[in-house]
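Please look through the structure shown below, and then read the short report that follows, which takes up a few of its features one after another.

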Amino acid sequence: MALATVGPAGAETLESALSRAYAANPILNSERARLRSVDETVNQAQAGYRPTVSIDADIGLTRTQGQVSGQRLDQTTRPGGAGITINQTLFNGFRTDSQTRQAESNVLSNREAIRLTEMTTLFNAAQSYMYVLSGTANLELQRNNVEVLEEQLRQTRDRFNVGEVTRTDVAQAEARLSGARSNVSGAESQLRSAIAQYRQNIGVEPRQLAPGRPFDRYVPKSLEEGVEIGLREHPQILASLHAVDAAELQVKVAESMLSPTAAIQGQVQQRYDSQFPGDNFAAASIVGRLSIPLYQGGTEYSQIRQAKELVGQARLIAERDRDSVRSVIVQAWGRLEAAKAQVLASQAQVQANEVALNGVREEARVGQRTTLDVLNAQQELLSSRVNLILAQRDRVVFSYDVVQSIGRLTVRFTSLPVTPYSAKEHYDQIKDLWYGVSTPDGR
């Protein structure tokens, strides 16, 4: 790579920059937090398997005065008591089972969404890294061009003073120098923008960046292989398929509303002063209930039809995502192939322009070329060098783009030097919790 010279042993590498982005990018971390909240929906659905327990207590004051059967009544009671009630659903048309499986499908779909965000984060980090490198190299070229043109202008003025060239040659050299200084300002602005993007995507300021290298070891051998991998592994497609599963389970949830519901209720109570001062009694009961829905206005039937239509929509979205992924892979592959060819062409162009510039300079010394010819040759060489830098940058960026397009630009697949985030760890910690308000990390 001609984008930068190798830094010292402690230089930032592209792999270490990607690791920083993976660990600290706020967008990726916010998506992980959202996934942890989605994990809780499985626990909430499983609550339908569990009993509900409540304790009730009451106390009051009753003052009674009057006559009953010819006897005068004047008493004060303090009625009160406490009880515990336990309700347990025995059967609800497999609604709880369907809701639990639906929540699990949503969790899996969101995990794939996290993987998609991870790939986007890593690609943006790689792109930012390479843009800083190319911006730095371009700025150095533009500054060097200013130094060359300053020397060219000095020599042209000396030759003008001895009558070898005209005032026109001096003006041409001055114009080119002014344009070169303007290009330096533009290159500085582009580099500042690249550094800002680097800071946003990776989290630190760029320091001593080592050259970036293409990600070819993870690029498929052919376009056909890449399409096959993408259609099988891309998280966008897998997320859509899990969404189809969730939509189908929603149909079962809606259908369960037409099924009988069986439940059992146990209750124990202790009462005091219910009728007379000092009386008390204890009562216990177990009651089984069966509810068979016959007709509730047609709402359940409408919800079933609605859920079936949403299943059809989810399947069509999955097909759309397959087509989208296939298109993205083909486009990324084409960009990478073009970048490879452009690097070779730019290298040949630079070599040819270097030879041409040396020849024009020699011819100018003996009067066979004008100052404008020399300036044009210098500009051609500068443009070809800038094009080579951009081609080398694109060569690296588009190799990462291909790996992203097939769904493999992830920490687990590329073995970046960072501990992978385990979504399953949090899921296993909370899925069977019966109580508690603290999150697994102690909040």
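## The largest pocket

In this predicted model, the largest pocket has a volume of about 340 Å³. Its lining is made up of 17 residues, and those that lie nearest the centre of the pocket are Arg111, Arg115, Glu118, Arg412 and Tyr421. The elements that contribute two or more residues to this lining are H2, H3, H10 and helix H9, which covers residues 411–414.

Among these contributors, H3 gives the most to the lining of the largest pocket, namely five residues. When the lining residues are sorted by class, eight are nonpolar, seven are charged and two are polar.

## The crossing of H2 and H10

Two packed helices are described by the distance between their axes and by the angle between those axes. For helix H2 (residues 26–46) and helix H10 (residues 423–430), the axes come within 9 Å and cross at roughly 35°, and the crossing is right-handed.

On the H2 side, the residues that meet the other helix are Leu35, Arg36, Asp39, Glu40, Val42 and Asn43, while on the H10 side they are Ala423, His426, Tyr427 and Ile430. Taken by class, this contact of H2 with H10 has five nonpolar, three charged and two polar residues.

## The cavity

The structure holds one cavity of 30 Å³ or more, and the space in the largest cavity comes to about 30 Å³. The residues that line the largest cavity are Asn145, Leu149, Arg176, Leu375, Gln378 and Gln379.

Helix H3 (95–161) and helix H8 (371–405) each supply at least two residues of this lining, and the largest share, three residues, comes from H8. By class, the lining of the largest cavity has three polar, two nonpolar and one charged residues.

## Val244 in helix H6

The last feature concerns a single residue. Val244 lies in helix H6, which runs over residues 235–256. Is Val244 buried or exposed? Its relative accessibility is 9%, and because buried means under 20% relative accessible area, Val244 counts as buried.

Leaving aside residues up to four places away in sequence, Val244 touches Ala314, Arg315 and Ala318. Leu191 stands 53 residues apart from Val244 along the chain, and the C-alpha atoms of these two residues are separated by 45 Å.

Methods:
Residues numbered from 1 in each chain as written. Predicted model: local features only at pLDDT ≥ 70, side-chain atom pairs only at ≥ 80, totals over all residues. Heavy atoms only, no water. Helix = DSSP H or I, 4+ residues; strand = E, 2+ residues; numbered from the N terminus. Buried < 20%, exposed > 50% of the residue type's maximum accessible area, 1.4 Å probe, protein only. Contact = heavy atoms within 4.5 Å. 1 Å grid on protein atoms, 1.4 Å probe; cavity = no way out; pocket = protein on both sides within 12 Å on 5 of 7 lines; lining within 4 Å. Points joined across faces, edges and corners; volume = space filled by probe spheres on them. Nonpolar A, V, L, I, M, F, W, Y, C, P; charged D, E, K, R; others polar. Axes fitted to C-alpha atoms, helices over the stretch in contact; angles between N-to-C directions. Left-handed = near helix turned anticlockwise from the far one by under 90°.
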